[in-house]
Amino acid sequence: MSLAVGACLAASQAIVTAQENATPKEPVAASAQANSGPPTVAAYAQLPFVEGAKLSPDGLWIAGMFAIGGSQRVVIVSPFDPDGIKQAVMPEDTEVSSLRWVGNENVVIRLRAIRPFGAGERAYVSRVVAFNRITGKFTKLLWDLGGQDAADILWVPTDGSTKMLVAGQNSIYMGNDFWPAVYSVDVTNGRRTTDLQGRTDVMDWIVDSAGVVRLAIATDRTRGTRTLLHRPKKGASFDRVGRAGFEELEVPYLIRAAEGKALVIRTIGGDANAKSDAPSDGKGKRDALLEIDLASGATLQTIYEAAEGIEIDGVRYDDAGNEVLGVYLGGRSREPLHWLDPSLDELQKAFEKSLNGRRARIVSLSTDRQRMLVRVDKANEAGRLYYFDQADGSLRLFANLNSQTNGKQAGKVEALTYKARDGLEIEAIVTTPPGRDAKKLPVVVMPHGGPWAHDTLDWDYWAQFVASRGYLVIQPNFRGSTGYGEAFLKKGEGQLGFAMQDDVNDALDWAVKQGMADGKRACIVGASYGGYVAMWGASRDADLWRCSVSIAGVANLRREVNDFGGALYSKRYKEQWQAMTPDFQAVSPINFIDRIKAPMLLVHGKKDLTVDHVQSQSMFSKMKDAGKDVELVSLPQADHSFSRTADREALLVALEGFLRKHNPAD
């Protein structure tokens, strides 16, 4: 028996044993459990035990965002000694964007905040700190730079050394220091040397797997184009290898240390003679991960080719980001991640073979890929996190991600398709109330945020909470959503507030015709961009909805939609949004308050760094002045993702009460 096969068999048996030991034995029958009622608001509001967990390179330590005292904190802990933890307290009014290990002792933490710039301007500012798990010491990295972004982590070493590459701006004003330079920074003491000086118009640098800057992306803000520059080795000059619009430029996912080889995702096949600007139904085209020659763009080999109609959403890196281990598949693929490494693919299948309907996902790996974190869950269960060691086949339960809802009766979750009014096929995630048939139910349509995102067959505490209160929940992946291919994504251009909104309405119409939903008892609930959809639906389609709930939503579309960012990146974001609608004000809910008939609930956190609280405050004030039925729940400590238990609970309490009042379930 090979070592790989032996490890897979051990994994299969280990996960069964761990599941049996971890799953509580329910002493009551299913019918008795159903009669006891759904889990409480507090159960759904419980923060995941840990999010974003990352193994150290040796696999002996775990860093992540842990739920402590009702909020998320950066913590480093050993899977063998959960009591021996080190907790990192972040500066006030900052959000953690990401965590990465540098060696086995240091975690680098990328932070962002909102700070004033110039006369009345505010913008995102990003910085990096390093946290040592042994000393508990914080080290600020590049904090003396005067620019907006000094936290673009380009590369981390894998040989145990402590110097990483970070790009950072040194000024907010146009000039040489505005364009980010590349620094080699020692995470143990903050000392730095300049690896590469800033270059006019270059905001983005790309590094190969050996830590050499090989690509630069120059941005022409006037023309709205980007140019890809390449150099064959350190010290050489940069040559242009490509130019395109902001979103069209082909940027490699990885540059191998061997000269001139890069990995890109490219759509291949179809009619090679078709005009590039002609509309396409995508037939005959396939997404592929290719290895190319950087200088010429010629394909050297096809590493993976997706099935027709399945989009490659991106790649799965190793934890250091220096190797591609798999590809993420979007759309209607039920294989969300395809491993390129045969041993990981074999191990994944061995895990899932023994799970009785649950899924196993490898979320983090040691450098040698012998130790890993494995999440075991299903679409209607938050699941558990396990620590697995291939050396002995042992699988240890590390975290029950939600001890209050796991193992409890939950709503059935399905991916169903419907036809929009123009015939476009759209997928929706549908959650049916626990113990109920999908027949003539009161319904909540819940469009996702973004809009460049999509809902999936994963645990969604909002959807499960609403379903547990007796509502059918429909989450439409309307045109313009990611994950369904470039053609589907581009169908959203120019259609924000128009066909994108029609798709949401058509989801309700479809559910009514299928006999699943009662069209006279329909409310629309959304967050962020989904909050905009909820407000716009209440004004544009006033007779369709009994009530509307906007959570951290956008009422007034302008600039790059929210109120942050200022002039520093306004060209890039403005053009991206302008492609979605020709006239912001013509589709802004705040301009059409007179049309609104249904009661509206607005929920927003004052510490939201993505959509300014003023968006909801302004909508509330104008609706009040117009005599409309509106409520505002303003949460002083809440951020955009409601990362505190108290804020999640306040949100769910307000949502439950509002729905019960204006659209009561049976």
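**Hairpin and cavity**

Tutor: Strand 19 and strand 20 make a hairpin with five residues between them, and G297 in the turn has a positive phi of about 80 degrees. Strands here are DSSP runs (E, at least two residues), and helices are H or I runs of at least four, numbered from the N terminus. This is a predicted model, with local features needing pLDDT of at least 70, side-chain atom pairs pLDDT 80 or more, and totals for chains, interfaces and linings using all residues. Residues are numbered from 1 along each chain as its sequence is written, and side-chain values use heavy atoms, without hydrogens and water.

Student: How many bridges between strand 19 and strand 20?

Tutor: Five, in the antiparallel sense; pairing takes at least two DSSP bridges. L289 stands opposite Y304 in strand 20.

Student: And what joins strand 18 to strand 19?

Tutor: Nine bridges, with strand 18 (residues 261-269) and strand 19 (residues 285-293) running antiparallel. V264 stands opposite L290 in strand 19.

Student: Switching topic: how many cavities of 30 Å³ or more?

Tutor: Four, from a search of the whole structure. A cavity is a set of points on a 1 Å grid over the protein atoms alone where a 1.4 Å probe fits but cannot get out; lining residues have an atom within 4 Å of a point.

Student: What volume does the second largest cavity have?

Tutor: About 50 Å³, a volume being the space filled by probe spheres set on the points, which are joined across faces, edges and corners.

Student: Which residues line the second largest cavity?

Tutor: Among them are W459, D460 and Q475. Strand 29 (425-432) and helix 5 (461-468) are the elements giving two or more residues to that lining.

Technical notes: 1 Å grid on protein atoms, 1.4 Å probe; cavity = no way out; pocket = protein on both sides within 12 Å on 5 of 7 lines; lining within 4 Å.
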